[in-house]
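Please consult the sequence and structure shown below while reading.

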Amino acid sequence: MSECIFCRIVRGEIPSKKVYEDEHVYAFHDINPVAPVHVLVVPKQHVDSMAHLTAEHEVAMGRLMVAAGQIARDQGCTDGFRTIINTGRVGLQEVYHLHLHILGGADPLPPMLKR
Ligand code: AMP
Ligand code: ZN
């Protein structure tokens, strides 16, 4: 069994505030939110990062993207939101199980990167 923290959340071994689940995807509130809405969406199948995706992940990642839009709307982000996938050392990825951040609830959100 994987010791990966997000694999353990998907298996229910670590508690999470779940907002969505299907065959391929699990979504839950970020434990340290940086916006009023901050949800993480993960493929149930472990993959380290976006840089590790291959053709075998296409179905799950397609489902993840469709689910993310629905989750954002369900969380009240009807006028827009931001999605972020941090990847690798340069991207300051902290948890090496691919996850998409949904950020919203501020109007507007702060700029994406400082210029
Ligand atoms: P990243 O920097 O993109 O790898 O983001 C990792 C995110 O995971 C951070 O926003 C953390 O707050 C979040 N996080 C870490 N552990 C947990 C947990 N147990 N439950 C929910 N979110 C978590
Ligand atoms: Zn994992």
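A backbone N or O atom of Glu-94 lies 2.7 Å from an oxygen atom of ligand 1, a polar contact, that is, a pair of N or O atoms within 3.5 Å. Taken alone, ligand 1 exposes 510 Å², of which the protein buries 87%; accessible areas come from the Shrake-Rupley method with a 1.4 Å probe. The side chain of Asp-30 places an N or O atom 2.5 Å from an oxygen atom of ligand 1. Leu-92 contributes a backbone N or O atom at 3.4 Å from an oxygen atom of the ligand.

## Basis of the model

The model is predicted: local features need pLDDT of at least 70, side-chain atom pairs count only at pLDDT 80 or more, and totals for chains, interfaces and linings use all residues. Residues are numbered from 1 along each chain as its sequence is written, chains are lettered from A and ligands numbered from 1 in the order in which they are written, and side-chain values use heavy atoms, with hydrogens and water left out.

## The shell around the ligand

Ligand 1 is surrounded by 16 residues, each with a heavy atom within 4 Å of it. The closest are Asp-30, Asn-86, Glu-94, His-99 and His-101. By class, the shell divides into eight nonpolar, six polar and two charged residues; Asp, Glu, Lys and Arg count as charged, Ala, Val, Leu, Ile, Met, Phe, Trp, Tyr, Cys and Pro as nonpolar, and the others, Gly among them, as polar.

The largest share of this shell, three residues, comes from α1. Helices (H or I, at least four residues) and strands (E, at least two) are DSSP runs, numbered from the N terminus.

## Aromatic pairs

The model has two aromatic pairs, defined by ring centres within 6.5 Å, with planes under 30 degrees apart counted as stacked, over 60 as edge-to-face and the rest as tilted. The rings of Phe-6 and Phe-28 have centres 5.3 Å apart and planes at 75°, so this pair is edge-to-face. Because Phe-6 lies in helix α1 and Phe-28 in strand β2, the pair ties together parts that are 22 residues apart in sequence.

## Backbone features

Leu-92 has a positive phi of about 55° although it is not a glycine. Leu-92 belongs to the loop between β4 (82-84) and β5.

The peptide bond from Asp-107 to Pro-108 is cis, with omega near 0°. Pro-108 is located in the segment after β5 (100-104).

Technical notes. A polar contact is a pair of N or O atoms within 3.5 Å; within protein, one must be able to donate a hydrogen and the other to accept it, and residues adjacent in sequence count only if both atoms are side-chain atoms. Rings of Phe, Tyr and Trp (its six-membered ring) pair if their centres lie within 6.5 Å; planes under 30 degrees apart count as stacked, over 60 as edge-to-face and the rest as tilted.
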